[in-house]
Amino acid sequence: MLQIISFVLLGAMVVLCLKNVNSEIATVLIVVVGAILFGVALKYLSQIFSFVNYLANLGGINELFYKIILKTIAIGYLTEFGAEIVSDVGLKSWADKLVFIGKVMIFSVSLPIFYSVFNLLLGLVK
């Protein structure tokens with residue numbers, strides 16, 4: 001973790017120095033550092049997904065449901081990560097639109113769960 005923090009702090013100092021000299025290079029550096037950090041996070045995310053898969057199999061949870069839950073969590077994190085990078089570049093309005101699209105995608109992916117809950121409630125009422 002210390003290496004990651006050192007890398008980010010070094011990148012931040014370089015970006016701050018470059019902003020006054022050449023803002024285009026500073027913008028590219030922001031995106032590159034963000035992509036590298038995302039690559040580092042993927043290693044840890046795969047471990048988390050493996051553990052959740054193990055727990056779901058152990059608990060007998062329907063594979064469809066836990067995959068939907070993992071997709072919604074992944075969409076949420078990716079959307080937030082992307083929106084923050086776009087916002088850092090100075091395109092706040094694009095970041096807001098990206099967050100909106102992420103919310104729509106989360107709702108769309110979650111529809112099978114809503115459908116199952118609705119059918120369950122209808123079955124209880126009858």
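**Labels and the numbers behind them**

Reply: Let's start with G102, which is found in helix α4. Keep in mind that this is a predicted model, where local features need pLDDT of at least 70, side-chain atom pairs count only at pLDDT 80 or more, and totals for chains, interfaces and linings use all residues. Residues are numbered from 1 along each chain as its sequence is written, and side-chain values use heavy atoms, with hydrogens and water left out.

Me: What makes a stretch a helix, and how many helices and strands does the protein have?

Reply: Helices (H or I, at least four residues) and strands (E, at least two) are DSSP runs, numbered from the N terminus. By that rule the protein has four helices and zero strands, so the pattern along the sequence reads α-α-α-α.

Me: Why is the protein said to be more spread out than a compact globule?

Reply: Its radius of gyration is 20 Å, well over the 14 Å that the globule rule gives for 126 residues, so the protein is more spread out than a compact globule. The radius is taken over C-alpha atoms, and the rule is 2.2 Å times the number of residues to the power 0.38. Along its principal axes, the C-alpha trace spans about 70 × 35 × 15 Å.

Me: Why is G102 called buried?

Reply: Buried means under 20% relative accessible area, exposed over 50%, and partly exposed in between (1.4 Å probe, protein chains only). G102 has a relative accessible area of 3%, so it counts as buried. Of the 126 residues of the protein, 14% count as buried.

Me: What does G102 touch?

Reply: Contact means heavy atoms within 4.5 Å. Not counting residues up to four places away in sequence, G102 touches I75 and T79. The C-alpha atoms of G102 and G76 are separated by 6.6 Å, although these two are 26 residues apart along the chain.

Me: How do you know whether T79 is buried or exposed?

Reply: T79 has 12% relative accessibility, which is below the buried cut-off, so T79 counts as buried. T79 lies in helix α3 (residues 63–89). Leaving out residues up to four places away in sequence, T79 touches L98, V99 and G102.

Me: And T72, is that buried or exposed?

Reply: T72 has a relative accessible area of 16%, so the label is buried. T72 has its place in helix α3, and it touches I106, V109 and S110, again not counting residues up to four places away in sequence.

Me: What makes F100 exposed?

Reply: F100 has a relative accessible area of 55%, which passes the exposed cut-off, so F100 is exposed. The place of F100 is in helix α4. F100 and V89 are 11 residues apart in sequence and 18 Å apart in space, C-alpha to C-alpha.

Me: What is counted as a charge here, and how far apart are the mean positions?

Reply: Lys and Arg count as positive and Asp and Glu as negative, while His and the chain ends are not counted. The place of a charge is NZ of Lys, CZ of Arg, CG of Asp or CD of Glu. The mean positions of the 8 positive and 6 negative charges are 10 Å apart.
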